[in-house]
Amino acid sequence: MALSFLDRERSVAHEGYSRWLVPPAALAIHLSIGQVYAFSVFKNPLQALTAADGSHWDLKSLGYIFSIAIAVLGLSAAIFGAWLEKVGPRRAMFYAAICFAAGFYIAAIGADTHQIALIYLGYGVVGGVGLGLGYISPVSTLIKWFPDRPGLATGLAIMGFGGGALIGSPLANQLMAHFKAAGKPAIPSTFLVMGTLYFIFMMFGVFTIRVPRDGWKPEGWSGTNKVSALISTHSVAVGQAWRTPQFALLWIILFCNVTAGIGILEQASPMIQDLFKGSVGKDAAVGFVGLLSIFNMAGRFFWASVSDKLGRKTTYFTFFTLGAVLFFVLPLSRADHLNSVPLFVSIAVLVISMYGGGFATIPAYLKDLFGGYNVSAIHGRLLTAWSTAGIVGPLIVNGILDHYVANHMSKQDAYPLILHIMSGLLVVGFVANLLVRPVDAKHWMKDQTLAPVGGGH
């Protein structure tokens with residue numbers, strides 16, 4: 001077959017292969033699909049587009065683009081997680097690249113013809129499938145390569161997704177400025193170029209990814225990790241795992257952490273301009289988005305690695321206690337109060353580092369509780385929490401902002417309410433994390449009756 005090079009058997013690493021050659025392949029995929037975190041740089045330019053009848057898109061309508069992309073990411077990860085375990089990461093990455101690039105191309109047509117439904121379909125649905133496939137394939141692969149340090153492994157894989165805006169934000173702005181100066185439609189042309197560039201970059205990951213051969217384990221590793229009540233020595237099949245109270249609690253934990261952080265990321269560029277109107281321009285706002293991307297990326301690696309020492313539960317306690325306080329005090333920095341841009345930026349980057357850390361730590365938390373046998377499929381189903389948060393977070397932010405604008409109130413006054421709601425969500429996450437206990441033995445798989453991937457009773 002023409003695509004036989006994508007078969008799992010063709011990507012099995014040879015004896016002596018260094019596992020440290022795998023992270024660059026994961027980063028190539030995640031740095032590409034992580035562009036979704038830079039979507040806020042398109043919001044104002046898209047809002048400025050004028051239809052034939054003179055109408056414009058409002059913030060709420062544009063917010064749905066990002067929400068759909070994140071929602072489809074989680075749904076596709078849940079649907080295709082078990083399939084990925086069977087076919088291997090190379091084929092999943094290949095299809096991810098096709099969908100992600102095609103999403104940009106379809107969105108370009110939508111922007112050019114002022115049909116937001118096409119942008120929803122392209123960037124949201126088709127691109128969202130690419131996000132889901134691209135997200136889980138490197139994560140599951142690196143967990144297999146680093147069973148001795150699962151937090152480090154997931155941090156390595158997922159930090160690229162957090163850093164995607166570091167590339168995507170300036171790239172998008174430079175391309176839009178270039179095409180505008182050349183007299184060409186800026187956003188459609190930018191979408192076409194970005195789709196092509198990301199496809200090429202993702203192909204590097206497709207061709208360089210490797211999976212460990214059967215029976216492989218790190219040199220000098222005995223096959224056991226640090227002893228803890230929350231680190232299981234048994235596996236739970238995905239069909240059982242998602243029915244346990246532990247899965248429900250981790251779903252709530254991820255949902256609360258993501259909803260809070262995504263509210264800042266999705267609105268980052270307009271928010272800092274609104275809160276410090278007149279003193280923070282477009283270029284500075286783009287720099288702020290890039291800075292958030294750096295801390296989102298660094299937090300994923302730092303906090304996930306720290307969780308190997310502290311434990312996942314203690315790490316999430318840190319996120320929820322410190323995060324709730326920071327979200328609550330963040331509005332005090334705005335122009336009509338302390339008027340401190342450095343304070344605002346300092347708090348925001350710390351909050352976002354913990355947001356990213358939550359993403360990178362959750363697969364290791366799952367492996368601790370449910371074992372490594374079906375971890376990709378279980379992780380895929382848990383990402384429906386991200387799907388839900390991707391809808392709820394922007395809805396809260398954009399809904400409140402549109403309400404203030406419609407009632408001729410200052411947008412600056414809307415942000416304290418938004419950020420205090422996010423603080424409350426983190427308190428809910430704190431309670432859910434407090435309730436996590438080891439998985440009951442009745443859910444463990446029996447070694448002699450290992451269930452197929454995606455199954456189990």
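The following legends describe close-up views of a predicted model.

Residues are numbered from 1 along each chain as its sequence is written, and side-chain values use heavy atoms, with hydrogens and water left out.

View 1. The chain is assigned domain 1 (4-213) and domain 2 (238-443), with bounds that come from an automatic or database domain assignment. The centres of domain 1 and domain 2, taken over C-alpha atoms, are separated by 20 Å. To the contact between them, domain 1 gives 44 residues and domain 2 gives 48 residues; contact means heavy atoms within 4.5 Å.

View 2. On a 1 Å grid over the protein atoms alone, a cavity is a set of points where a 1.4 Å probe fits but cannot get out, and lining residues have an atom within 4 Å of a point. Grid points are joined across faces, edges and corners, and a volume is the space filled by probe spheres set on the points. The lining of the largest cavity includes Arg 8, Leu 84, Glu 85, Lys 144, Val 211 and Ser 376. Helix H3 (59-87) and helix H5 (116-145) each supply at least two residues of this lining, and the largest share, four residues, comes from H5. Helices (H or I, at least four residues) are DSSP runs, numbered from the N terminus. By class, three nonpolar, five polar and three charged residues line the largest cavity. Here Ala, Val, Leu, Ile, Met, Phe, Trp, Tyr, Cys and Pro count as nonpolar, Asp, Glu, Lys and Arg as charged, and the others, Gly among them, as polar.

**View 3. The second largest pocket.** A pocket is an open set of grid points with protein on both sides within 12 Å along at least five of seven lines. The second largest pocket holds about 310 Å³ of space. Of its 13 lining residues, Pro 45, Met 176, Lys 180, Ala 186 and Ile 187 lie nearest its centre. Helix H4 (89-113), helix H7 (164-181) and H8 each supply at least two residues of the lining, and H7 gives the most, with four residues. The lining of the second largest pocket has nine nonpolar, one polar and three charged residues.

View 4. Thr 190 is found in helix H8 (residues 186-208). With a relative accessible area of 0%, Thr 190 is buried; buried means under 20% relative accessible area, exposed over 50%, and partly exposed in between (1.4 Å probe, protein chains only). Residues up to four places away in sequence aside, Thr 190 touches Phe 42, Ala 172, Leu 175, Met 176 and Phe 179. A polar atom of the side chain of Thr 190 lies 2.7 Å from the backbone oxygen of Ala 186. Between Thr 190 and Leu 171, 19 residues apart in sequence, the C-alpha to C-alpha distance is 9.0 Å.

**View 5. Gln 246 in helix H10.** Gln 246 belongs to helix H10 (residues 245-265) and is buried, with a relative accessible area of 7%. The side chain of Gln 246 reaches the backbone oxygen of Arg 437 at 3.0 Å. Not counting residues up to four places away in sequence, Gln 246 touches Leu 369, Phe 370, Arg 437, Pro 438, Val 439 and Asp 440.

View 6. Most residues other than glycine have a negative phi. His 114, in the loop between H4 and H5, has a positive phi near 55 degrees and counts as buried at 16% relative accessibility. His 408 lies in the loop between helix H16 (384-406) and helix H17 (414-434). The phi of His 408 is also positive, near 60 degrees, and at 76% relative accessibility His 408 counts as exposed. Gly 311 is found in the loop between helix H12 (282-310) and helix H13 (312-329), and counts as partly exposed at 21% relative accessibility. Gly 311 and Ala 260 are 51 residues apart in sequence and 22 Å apart in space, C-alpha to C-alpha.

Terms used:
This is a predicted model: local features need pLDDT of at least 70, side-chain atom pairs count only at pLDDT 80 or more; totals for chains, interfaces and linings use all residues. A polar contact is a pair of N or O atoms within 3.5 Å; within protein, one must be able to donate a hydrogen and the other to accept it, and residues adjacent in sequence count only if both atoms are side-chain atoms.
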